[in-house]
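The sequence and the structure are shown first.

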Amino acid sequence: MGRFFLTTPIYYVNDAPHVGHAYTTVNADALARWHRLAGDEVFFMTGTDEHGAKVAESAAEHGTEPKSWADRTAARFEAAWRGLDISYDDFIRTSEPRHYRAVQTFLQRVYDNGYIEKGLYQGLYCVRCEDYYTEEELVDGNCPNHGTPVSFMEEENYFFKLDQFTDRLLAWYETEPEAVRPASKRNEALGFIRGGLRPISITRTSLRWGVPVPWDDGHVFYVWYDALINYLTAIGYGTDDERCAAWWPNVHHLIGKEILRFHCVWWPAMCMAAGIDPPANIFVHGWLLFGGEKLSKTMLQRLRRSAEEVKLTDVAPDVLTDDFGVDPIRYHLLRVPLGNDSDFSYDSIVARYNADLANNLGNLAARVATVVGSKCGGTGPAPDPASPLAAVAAETVAEATAAWEGFAPHEALAATWRLIGAANALLESTEPWKMSPGPELDGVLGSALEVLRIVAVLVSPAMPASARELWRRIGLPGAPEDLGVPDDAAWGGYPGGLPVEKGDPLFPRRRG
Ligand code: MSP
């Protein structure tokens, strides 16, 4: 048991939440739920990144002020996360007074420590990235991330002396080889550092929408420079030192690959400059990409766009949850490996839904309940202590635990589905529906019920509502998330003698 402080990136409010944002947030949520189950004290935060030119421009395009635009979009993110059953403990908005206080305290310390100086900045800027690029970094003269034109900017502003941290960063990477994962991303970050670091411009005079620089009225902080500090704001940096000291050493940042440089180079250096430890853990994942496949008709109607125009970033999470249900979409997002880029398509959601949820888990639950109904009067028997499923379950719990601990929800779920597959295979080979009542039949059915109990616990971080429903149907009191792993997932916890209900299919099969 320990503390687990988990963060998502805070999302820009220039645009509505989409499936890409949901991917990170659902994965973070499942990890947070797993750690609660494992008995850790968890603090899980997400939020919105509200300053900067991009948000100001977006507000102007919509004929409104940045703050009211941010209010509107932040509310959409909160609603999207409610819709996806996200169990965050804090939703931070960078326009909040608590964030201004933390940013000003943090950066004043960096300034007082001598790591900030004034200078003239000239460079090629991409507003959508809120970042400068060198000529060499451009692709065909355009932003390497967005493919859109960059503009020449010249400003007198304050610089953070990032170049002074090269050796300290390299030493940190050396002594903390696990801090940035996976290893390929660690190497990418090391590549940036070895490639040479330049001072970075951290204030703007061309903009008012930002956190004011405490030592110079005319400037606001550059959006990335205030945004990163949100992780400290949330744990009371500058106002509650005890709370901050308790959570900070246990931080885990989950981020997408395009913001690696900010989190894995700038942020550790900023922390060093402010006199605090760099973040303990940063886990970097790849992108979800929409393959060339066409979307379904219903989805297209809801999107009110032509097929050619639909991009991943156009798909609001509720388009998918309205269609498939919340838990199936959570499940799908969690089965996409957290690591490299992965294709995402409507057809793949349907295929996985039918294979894993309707055919495997749903079918196991339905078959067991049917036979308990017909042969045991609807009362579930106790499991067989010597069932061959006991060893598979123990292995599954160990594998799933290791995978959740290692930021691999997809592997944890794959292991859980191997147990479901083993239980289905046992039913097929023993055919309890043909057996006469007696200890043998009771042993098979009780063991299948025990598998369902263990599965409900193991999938509860991924599909909380479905896990609760499964739990209820097999007659257990309370909810699976009230249990503790691994102890309560040990073989033999299903007591028997409980009413088992069949009900409607948990996951009705879909045609498309
Ligand atoms: N505001 C910054 C982050 C500041 S953190 C201090 C930002 N915001 S964002 O709205 O653009 O969100 C970026 C994050 O959304 C990515 O890092 C990733 O977690 C998630 N994703 C956005 N599109 C995605 C995909 N297509 N696929 C997977 N994740 C995606 O950057």
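## The second largest pocket

The lining of the second largest pocket takes at least two residues from each of β6 (131-133), α6 (183-194), β9 (200-201) and α10 (260-274). Helices (H or I, at least four residues) and strands (E, at least two) are DSSP runs, numbered from the N terminus. The model is predicted: local features need pLDDT of at least 70, side-chain atom pairs count only at pLDDT 80 or more, and totals for chains, interfaces and linings use all residues. Residues are numbered from 1 along each chain as its sequence is written, and side-chain values use heavy atoms, with hydrogens and water left out.

A pocket is an open set of points, on a 1 Å grid over the protein atoms alone, where a 1.4 Å probe fits, with protein on both sides within 12 Å along at least five of seven lines; lining residues have an atom within 4 Å of a point. The second largest pocket holds about 360 Å³ of space, a volume being the space filled by probe spheres set on the points. Its lining comprises 19 residues, and E137, R198, I200, R261 and W266 lie nearest the centre. The largest contribution, three residues, comes from α10. By class, the lining has 10 nonpolar, five polar and four charged residues; Ala, Val, Leu, Ile, Met, Phe, Trp, Tyr, Cys and Pro count as nonpolar, Asp, Glu, Lys and Arg as charged, and the others, Gly among them, as polar.

## Strand pairing

Two strands pair if DSSP finds at least two bridges between them.

| Strands | Sense | Bridges | Bridge partners |
|---|---|---|---|
| β1 (residues 3-7) and β12 | parallel | three | L6 and H252 |
| β12 and β13 (residues 281-285) | parallel | five | L254 and F283 |
| β7 (residues 151-160) and β9 | antiparallel | two | F160 and I200 |

From β12 the chain passes through α10 to β13 in a right-handed β-α-β crossover (with the strands pointing away from the viewer, the path from the first strand over the helix to the second runs clockwise). Strand β12 (residues 251-256) is largely enclosed by the rest of the structure, because six of its six residues are buried (under 20% relative accessible area, 1.4 Å probe, protein chains only). V251, H253 and I255 cover one side, and H252, L254 and G256 the other.

β9 belongs to an open sheet of four strands, ordered β6-β5-β7-β9 with antiparallel pairing. β6 and β9 are its edges, each with a single partner strand, so one side of each has no neighbour in the sheet.

How values were computed: Buried means under 20% relative accessible area, exposed over 50%, partly exposed in between (1.4 Å probe, protein chains only).
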